[in-house]
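Dear colleague,

I am handing over the structure that we spoke about, with the sequence alongside.

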Amino acid sequence: MIQEADEATLDIVTTALQMEGYQVCNLTDNNENALDMIRRYHPKMILLDCWLRNNSAGQVSQWIKSHFPRLPVVAFSCDNQIEEKYRQFGFDDYVKKPFDLNVLYKVIKKQVRKRKRLHPVAQSA
């Protein structure tokens with residue numbers, strides 16, 4: 001699931017992730033339907049733009065974590081200090097803008113693997 005304020009960046013990231021075989025759901029900037037969308041689509045992770053119109057990304061990350069504590073939330077930011085701040089805002093990781101697609105893929109794969117380790121699918125007997 002991706003929340004990105006800039007439509008051009010959203011299109012690029014969506015296309016790039018789809019080309020890698022990921023199913024992508026876009027979250028609106030107003031975040032009013034985030035909880036419903038997360039419940040409906042069961043994303044493996046959320047890529048959250050740190051620039052939001054109505055709320056701080058830190059608040060949104062903490063809100064998501066309060067409802068879905070094991071859902072990885074990755075900061076997507078052009079903030080020069082995101083490397084120092086991402087944990088204090090409740091993010092699991094970050095991708096700094098401008099971004100390299102290989103870095104984006106690496107962070108996403110790491111978070112998806114981490115979630116799988118924490119929530120293995122029950123094997124049938």
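Residues are numbered from 1 along each chain as its sequence is written, and side-chain values use heavy atoms, with hydrogens and water left out.

The mean pLDDT (the predictor's confidence in each residue, from 0 to 100) of the protein chain is 83, and 86% of its residues reach 70 or more. Confidence is highest in helix α1 (residues 7-19), at a mean of 93, and lowest in helix α4 (residues 82-85), at 80. Where pLDDT is low, the predicted coordinates should not be read in detail.

The protein chain has 5 helices and 4 strands, taken as DSSP runs numbered from the N terminus (helices are H or I, at least four residues; strands are E, at least two). From the N terminus on, their order is β-α-α-β-α-β-α-β-α. Of the 125 residues in the protein chain, 41% are buried, where buried means under 20% relative accessible area, exposed over 50% and partly exposed in between (1.4 Å probe, protein chains only). Among contacts (heavy atoms within 4.5 Å) with a separation of 6 or more, 58% join residues 24 or more positions apart.

The whole structure holds 2 aromatic pairs, meaning rings of Phe, Tyr and Trp (its six-membered ring) with centres within 6.5 Å, whose planes count as stacked under 30 degrees apart, edge-to-face over 60 and tilted for the rest. Phenylalanine 76 and phenylalanine 99 form a tilted pair, at 5.2 Å centre to centre and 55° between the planes. Phenylalanine 76 lies in strand β3 (residues 73-77) and phenylalanine 99 in the loop between β4 (93-96) and α5 (101-118), so the pair ties together parts that are 23 residues apart in sequence. Phenylalanine 76 is buried, at 0% relative accessibility, whereas phenylalanine 99 is partly exposed, at 23%. Tyrosine 86 and tyrosine 94 form the other pair, also tilted, at 4.8 Å and 50°, and tyrosine 86 is buried, with a relative accessible area of 11%.

Lastly, the largest pocket is lined by 17 residues, and Met1, Tyr22, Gln23, Pro43 and Lys44 lie nearest its centre. A pocket here is an open set of points on a 1 Å grid over the protein atoms alone, where a 1.4 Å probe fits, with protein on both sides within 12 Å along at least five of seven lines, and lining residues have an atom within 4 Å of a point. α5 gives the most to this lining, with 3 residues.

With best wishes
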